Amino acid sequence: MRLAHLWDQSRCIGCGACIAACNAANYRSTTKDNPTWGGVQTNIKRIVFDLKEKPYILLVQCQHCENAPCVAVCPTGASYIDRDGLVKINPDLCIGCKYCMTACPYGMRWLDPDFGLPEKCMGETCQSRVKAGLMPVCVTVCPAGARAFGDLDDPNSEVNKRLKKGRVVRLLEYKGTRPKFFVVVGR
Amino acid sequence: MMFQEVWNPVIIGLFLWFAGIAGMGSVAYALMKLGKVEEKTKELSCVVFASIVLALVFVVADLSRPLNMPLAIIRSVLSGTFFYKLSTSWMTIGISLLSILLLLALLVLLRETVAKGLQKIVDAKWYLVLTGFVGFMVVIYSGFLIADAPGVPFWNNSLIPVLWILSASICAIAVLKILVHKPEVSNFLTKSGLAVDIAEAVALASLLNVSLYSGVEAARRSAEALVAGELAAAFWLLVVLVGVAVPMVLGFMLLRKEDRRLALLAAACALVGALALRILVLQAGIFLELSL
Ligand code: SF4
Ligand code: SF4
């Protein structure tokens, strides 16, 4: 099983519902700051490219890399790739060395100021939802249908269907991380 | 300019600096004992042991979950994961190496101070070779620790471990220079110090040059910040002038005639420069930028 996320840039209307839903579901709607990225505590980062000719946004989150540097460098095994293909953190094993944060080429981990834990997608609520056969909250709440989630090993999964239809890029592929976060840039 | 704020540059800089002094200090201790040089080995063993302890204090000080550390490591060891991680994580290697060096250096310290009876073990060739080897590995680890972080391109560079070895050697030579008074030994230290100073200057220039022209935006911005940006004043003053140029000029003067006060000044400058180098390299780290 290789669970993966897809975000369709061409459908996204930039409403931020996924960001708010992640904050509500995984971080109890806290209004505390995200000390690493700024803004709210959520696992989705909004990056705005204010290029004069062609402004665009990227909504990025943990890429659940198949060859994950954060997992490789973690000294205790706290960061690991689960059988479902998702990269997870076991808080019991985490010493808070933050090596995973400096190793992630995507900068997709942020430090929880209360527990000192490096947070990232997926949060605990989303993990429980996926276990129960539901979609992560960001996928459920997206009003534009810009998000999909599913198993790359299942030819009928929503992710695979969309991968076949769209023009897709993966971020920083040259880093050899084999990311499982797909950005649809057109049809 | 958004410098990395994940690792505190001063705390981790001090950790890397003490780890370097402890590591290369152990190598120096082993070489001195194997070469039958007995002068100031007691003082050197104190410096090495204190440096490891301080290195550990500083590395723990930057953890965000220090209270969870003992149990987490025990759990990881008991499950066997820790041993597997030795093949992928420099942090795991470092935890192991620092623990071993702490033990080795403690026995050396005891042998040199209150428990001369340990001589049989500590003075044995195998023990000295092991201490020197583990010390050297600690220095290598302190370089690879940051060079192995692909999120920060300026660090993710093979020149960092080389620079760290050279800079740690300079620190060990400086410590010995402060401790040792004998003119022959001092002269030998001056010569080796000069050679390593020159090599460090080349490694530093290479790191900056590669980072400026490698085509990776984040690495270029880091190098620019050091050479001509926000960190330039500290870099040129503390790293280049105090850490490299002054010790080099004083080294050439000492080559002609050893002078205790000048030697002490050169050693102090070299130590300050090595610390500043680590802090500033850490501070200058900038994360990779994402784009389509
Ligand atoms: S995106 Fe970063 S945090 Fe997520 S799996 Fe890859 S390296 Fe780890
Ligand atoms: S901060 Fe925790 S999860 Fe990250 S590398 Fe260190 S021990 Fe592993």
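Visitor: Is Lys33(B) buried or exposed, and how do I read that?

Guide: Relative accessible area is the value to look at, and buried means under 20%. In this predicted model, Lys33(B) has a relative accessible area of 6%, so Lys33(B) is buried.

Visitor: Which residue does Lys33(B) form a salt bridge with?

Guide: Here is the general idea: side chains of opposite charge can pair when their charged atoms come close. In this case the partner of Lys33(B) is Glu38(B), and their closest N and O atoms are 3.3 Å apart. Glu38(B) itself is partly exposed, at 47% relative accessible area.

Visitor: What about Asp123(B) and Arg111(B)?

Guide: Their side chains also meet in a salt bridge, at 2.7 Å from N to O. This pair links distant parts of the chain: Asp123(B) lies in the loop between α6 and α7, while Arg111(B) belongs to helix α5, twelve residues apart. Arg111(B) is buried at 7%, whereas Asp123(B) counts as partly exposed at 27%.

Visitor: Which residues are joined into one network?

Guide: Through salt bridges that share partners, Lys33(B), Glu38(B), Arg111(B), Glu112(B) and Asp123(B) are joined.

How values were computed: Residues numbered from 1 in each chain as written. Chains lettered and ligands numbered in written order. Predicted model: local features only at pLDDT ≥ 70, side-chain atom pairs only at ≥ 80, totals over all residues. Heavy atoms only, no water. Salt bridge = Lys/Arg side-chain N within 4 Å of Asp/Glu carboxyl O. Buried < 20%, exposed > 50% of the residue type's maximum accessible area, 1.4 Å probe, protein only. Helix = DSSP H or I, 4+ residues; strand = E, 2+ residues; numbered from the N terminus.
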